[in-house]
Amino acid sequence: MSKSVNRVQKALEDLKLDAAIQHMPESTRTAEDAATACKCSVGQIVKSMIFEGAETGKLKLLLVSGKHTVDLAKAAEIFGESLIRADPKRVRSETGFAIGGVAPLGHLSATDTWMDAALLDHDLIWAAAGAPNAVFSLPPQELKDATASRIFQIG
C-alpha cells in the first residue's frame, strides 16, 4: 500500500472506525466511476474537495455528495468567505494527498472540514482512501464525527 493509503488506514484504526479500505479493479477518481465500482448511487459518494479561503488563506475541506457541485458564487454566504481552488502543491504538502485522491481522514495537518447535508440521507457512504482506486465505506454520521465536520446545504 502507498503511504497515503497507509495513513488513511491508520486514521481509521486510531478513530476506531469499523471501515476497511478496498482496492477497486478500476479507477474511482470521479463520482460516477466510484459509484459504478462501489455499486451504489452517485449521491453516496463523498467528493473530498479542497479550497482556499480567499480572505484567510486557510484550506477548507468540503465533503460533498457525488450528486452535487459547489457553487463558488454562493461560497461566502455558506462558508463565511469566498473560496478559490487550492494550489495542488499546497494541497499535497499540507494534506499529504494529491488532488483526485484526497481522503476525508489522515491529513498531515488539521483542516477545517464541512460536510454536505445530503450525505446524511444515506445509511452508508463511500470515500477516497488516498489512491485513485482505494475507497472505504461507513455511516455518514461516523464520518461527520470523525472529521468534526460542520454541515452545510448545497441546494
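Analyst: Lys39 lies in the loop between helix 2 and strand 2; helices (H or I, at least four residues) and strands (E, at least two) are DSSP runs, numbered from the N terminus. The model is predicted, with local features requiring pLDDT of at least 70 and side-chain atom pairs counted only at pLDDT 80 or more, while totals for chains, interfaces and linings use all residues. Residues are numbered from 1 along each chain as its sequence is written, and side-chain values use heavy atoms, leaving out hydrogens and water.

Although Lys39 is not a glycine, its phi is positive, at about 55°. Most residues other than glycine have a negative phi. With 74% relative accessibility, Lys39 counts as exposed (over 50% relative accessible area; buried is under 20% and partly exposed in between, with a 1.4 Å probe and protein chains only). Lys16 also has a positive phi of about 55° without being a glycine. Lys16 is found in the loop between helix 1 and strand 1 (22–23), and is exposed, with a relative accessible area of 74%.

Helix 2 (31–38), strand 2 (45–53) and strand 6 (125–128) are the elements that give two or more residues to its lining. Strand 2 gives the most, with six residues. In all, 24 residues line the largest pocket, and Arg29, Lys47, Ser48, Met49 and Gly100 lie nearest its centre. On a 1 Å grid over the protein atoms alone, a pocket is an open set of points where a 1.4 Å probe fits, with protein on both sides within 12 Å along at least five of seven lines; a cavity is a set from which the probe cannot get out, and lining residues have an atom within 4 Å of a point. The space in the largest pocket is about 460 Å³, where a volume is the space filled by probe spheres set on grid points joined across faces, edges and corners. Its lining divides into 16 nonpolar, five polar and three charged residues; Ala, Val, Leu, Ile, Met, Phe, Trp, Tyr, Cys and Pro count as nonpolar, Asp, Glu, Lys and Arg as charged, and the others, Gly among them, as polar.

The second largest pocket has a volume of about 190 Å³. Its lining holds 13 residues, with Pro104, Leu105, Gly106, Ala146 and Thr147 nearest the centre. Seven of the lining residues are nonpolar, six are polar and none is charged.

Glu52 pairs with Arg90, the closest N and O atoms being 3.1 Å apart. This pair links distant parts of the chain, with Arg90 in helix 4 (residues 88–95) and Glu52 in strand 2, 38 residues apart. Glu52 is buried at 18% relative accessibility, whereas Arg90 is partly exposed, with a relative accessible area of 22%.

The whole structure has six salt bridges. One of them joins Lys60 and Glu81, whose closest N and O atoms are 3.3 Å apart. Lys60 lies in strand 3 (residues 59–65) and Glu81 in the loop between helix 3 and strand 4 (83–85), so the pair ties together parts that are 21 residues apart in sequence. Both partners are buried: Lys60 at 6% relative accessibility and Glu81 with a relative accessible area of 5%. Shared partners join Lys60, Glu81, Asp112 and Arg150 into one salt-bridge network. Within helix 1 (residues 3–14), Asp14 and Lys10 lie four residues apart, about one turn of the helix, and their side chains meet in a salt bridge of 2.8 Å, N to O. Here Lys10 is partly exposed, at 49% relative accessibility.

These parts belong to a chain of five helices and eight strands, in the order α-β-α-β-β-α-β-α-β-β-β-α-β along the sequence. Its radius of gyration is 14 Å, close to the 15 Å that the globule rule gives for 155 residues, so the chain is as compact as a globular protein of that length; the radius is taken over C-alpha atoms, and the rule is 2.2 Å times the number of residues to the power 0.38. Of the 155 residues, 51% count as buried.

The mean pLDDT (the predictor's confidence in each residue, from 0 to 100) is 93 for the protein chain, and 99% of its residues reach 70 or more. Confidence is lowest in helix 3 (residues 75–79), at a mean of 89, and highest in helix 5 (residues 140–147), at 97.

Note on methods
A salt bridge is a side-chain nitrogen of Lys or Arg within 4 Å of a carboxyl oxygen of Asp or Glu.
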